[in-house]
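Open the model in your viewer and keep the selection tool at hand. The tour has a few stops.

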Amino acid sequence: MVIIGSVRPGRVGLPIGAWVVSELEATAGVEVDLADLAEVALPFMDEPNHPILRSYTKPHTIAWSERVAAADAFVIVVPEYNHSFSPVIKNALDFLHHEWKRKAVVTVSYGGVSAGTRGVVLLQPALVGVGLVPTVTNPEINFPTNHINDEGVFEPTETHRTRLEVAVAEAIALSEALKPLRG
């Protein structure tokens, strides 16, 4: 599953996510579910029960749970906002618990000079807290608008492509290794 972790109008996460999806679809054996959090439209956590109980009462939570449970690994396309990550990605994580456990996660971050690195550093404890297993390699894109062409398409550098390729290979290997532990 590729998760677009921004809901801002005009966000560059959408073309970056489209690039990630196209790269993943070209990878043998990989099926992709694109979860654009703007379309998923989760409200702030509104479930009366703790997610660990899996006693969901809201249709949006049940639908989100089914999608996340069906995924074997995740690529989260996440911006850096004010030296942190976007609140919608934290909210999306917090809705669930078991569905994330023992699954690989790649973060594709973007931002200014830091390329989103500071946001990912702060997001890591939340990812690990719900049981996700982060890859070591994570693509980072600084000044992403410099890579968006006039048609609104993200044009990656060779470094972006290589890092994504390495991260995806690592996520696939992790996913296979973790599969027996998910039971």
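**The pocket lining**

The lining of the largest pocket is made of 13 nonpolar, two polar and five charged residues. Here Ala, Val, Leu, Ile, Met, Phe, Trp, Tyr, Cys and Pro count as nonpolar, Asp, Glu, Lys and Arg as charged, and the others, Gly among them, as polar.

This is a predicted model, in which local features need pLDDT of at least 70 and side-chain atom pairs pLDDT 80 or more, while totals for chains, interfaces and linings use all residues. Residues are numbered from 1 along each chain as its sequence is written, and side-chain values use heavy atoms, without hydrogens and water.

Now select Met1, Val30, Glu31, Asp72 and Ala73, which are the closest to the pocket's centre of the 20 lining residues. Next colour helix H6 (158-178) and strand E3 (73-81), each of which supplies at least two lining residues. H6 gives the most, with five residues. Helices (H or I, at least four residues) and strands (E, at least two) are DSSP runs, numbered from the N terminus.

**Two helices**

Select helix H4 (residues 87-94) and helix H5 (residues 117-129): their axes come within 10 Å and cross at roughly 10°. Axes are lines fitted to C-alpha atoms, for helices over the stretch in contact, and angles run from 0 to 180 degrees between N-to-C directions. H4 and H5 are therefore roughly parallel to each other; angles under 35 degrees count as roughly parallel, over 145 as roughly antiparallel, 65 to 115 as roughly perpendicular and the rest as oblique.

Show the side chains of Ile89, Lys90 and Leu93 in H4, which meet Leu123, Ala126 and Leu127 in H5. Contact means heavy atoms within 4.5 Å. By class, this contact has five nonpolar, no polar and one charged residues.

Terms used
On a 1 Å grid over the protein atoms alone, a cavity is a set of points where a 1.4 Å probe fits but cannot get out, and a pocket is an open set with protein on both sides within 12 Å along at least five of seven lines; lining residues have an atom within 4 Å of a point.
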